[in-house]
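Biologist: I have a model open and would like to talk through it with you. Could you put it up so that we are both looking at it?

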Amino acid sequence: MNSIRVQLSKNSSLYTHLALAIGFAFALLFLRMRITGSYYYLFLVWNLFLAGIPFAISQFLQANPKLCNSKIVCYSGFTTWLLFLPNSPYIITDFVHLTIDGSNLMWLDILLVFSYSLTGLILGLVSMVDMYELIAERYNSRVAKYVLFKVCMLSGYGIYLGRFLRFNSWDITTKPGVLFLKIARSIYEPNVWLITIAFGSFLWILFSIFLAINFRSKRRNIR
């Protein structure tokens, strides 16, 4: 009973802080739109929404552990989660939209993109910790770490597909032929491997940090 209360308290605190981060990002965007009259960075809202989908999926599975007893629900949930997960680290690449034009608002643009990027990345990392726990509970921690490492590398490749080839998560159902053709061709390009390993490794390092923090927090709660 105490563990349930701790989990509920933890989730409530998490949701509160995430809501504050999202609210702050929205406020910055609204401020910029009021000052400039431009809706240029409105796409950040959509990208943040996509980054939040994996978080919503993993939180739903965490809150309904009995559903994971069904292999169909478990694997379909994991597959959907995996397809949308690259949207979380992908939002970091939105810095390419920054333009240095000597404007006095450059500092605001940097803070704006950084706020959305960091919030989206945190949503993805928390989601990855959730999925790690679900896999570790079903199998063991070694399997969970192995799976999450592969997930990080696939997410790194997903960033390449999204930023450079301009594919979306749902294109696997709407443009499967074109998508797989582009994937087959990209395997032989050295830059693809560099981007995949670089972003994948960075995501793995951040995930490991979040996992260590989560483990330490749980040990404190047990005490």
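Biologist: Which hand does the crossing of H5 and H6 have?
Modeller: H5 and H6 make a right-handed crossing, a term that applies when the near helix is turned clockwise from the far one by less than a right angle, anticlockwise being left-handed. Before we go on, please keep in mind that this is a predicted model, in which local features need pLDDT of at least 70 and side-chain atom pairs count only at pLDDT 80 or more, while totals for chains, interfaces and linings use all residues. Residues are numbered from 1 along each chain as its sequence is written, and side-chain values use heavy atoms, with hydrogens and water left out.

Biologist: And at what angle do the axes of H5 and H6 cross?
Modeller: They cross at roughly 140° and come within 8 Å, with H6 covering residues 141–163. Helices here are DSSP runs (H or I, at least four residues; strands are E, at least two), numbered from the N terminus. The axes are lines fitted to C-alpha atoms over the stretch in contact, with angles from 0 to 180 degrees between N-to-C directions.

Biologist: Which residues in H5 and H6 meet there?
Modeller: On the H5 side they are Met128, Tyr132, Ile135 and Ala136, and these meet Ser141, Val143, Ala144, Lys145, Val147, Leu148 and Cys152 of H6, where contact means heavy atoms within 4.5 Å. Sorted by class, the contact of H5 with H6 has 9 nonpolar, 1 polar and 1 charged residues; Ala, Val, Leu, Ile, Met, Phe, Trp, Tyr, Cys and Pro count as nonpolar, Asp, Glu, Lys and Arg as charged, and the others, Gly among them, as polar.

Biologist: How many residues of H5 are buried?
Modeller: H5 is mostly covered, with 24 of its 33 residues buried. Its end C-alpha atoms, across residues 106–138, are 48 Å apart, which agrees with the 48 Å that 33 residues should span at 1.5 Å a residue, the expected span being 1.5 Å times one less than the number of residues.

Biologist: What about threonine 119, is it buried or exposed?
Modeller: Threonine 119 has 6% relative accessibility and therefore counts as buried; it lies in H5. Apart from neighbours within four places in sequence, threonine 119 is in contact with Ala21, Ile22 and Leu48. Alanine 21 is 98 residues away in sequence from threonine 119, yet their C-alpha atoms are 6.4 Å apart.

Biologist: Where does alanine 51 sit?
Modeller: Alanine 51 belongs to helix H2, residues 43–63, and is buried because its relative accessible area is 0%. Beyond four places in sequence, alanine 51 touches Asn87, Ser88, Gly120 and Leu123.

Biologist: Switching topic, how many aromatic pairs are there?
Modeller: The count comes to 13 aromatic pairs, where rings of Phe, Tyr and Trp (its six-membered ring) pair if their centres lie within 6.5 Å, and planes under 30 degrees apart are stacked, over 60 edge-to-face and the rest tilted. The rings of tyrosine 40 and phenylalanine 43 are edge-to-face, because their centres are 6.1 Å apart and their planes at 80°. Those of tyrosine 41 and phenylalanine 43 also have centres 6.1 Å apart, but with planes at 40°, so that pair is tilted. Tyrosine 41 is buried at 1% relative accessibility, whereas phenylalanine 43 is partly exposed at 25%.

Biologist: Which residues do ring pairs link into a cluster?
Modeller: Tyr132, Phe149, Trp204 and Phe207 are linked that way.

Biologist: Last one, what is phi of arginine 166?
Modeller: Phi is near 65° for arginine 166, a positive value in a residue other than glycine. Most residues other than glycine have a negative phi. Arginine 166 lies in the loop between H6 and helix H7 (171–174) and is exposed, with a relative accessible area of 51%.

Methods: Buried means under 20% relative accessible area, exposed over 50%, partly exposed in between (1.4 Å probe, protein chains only).
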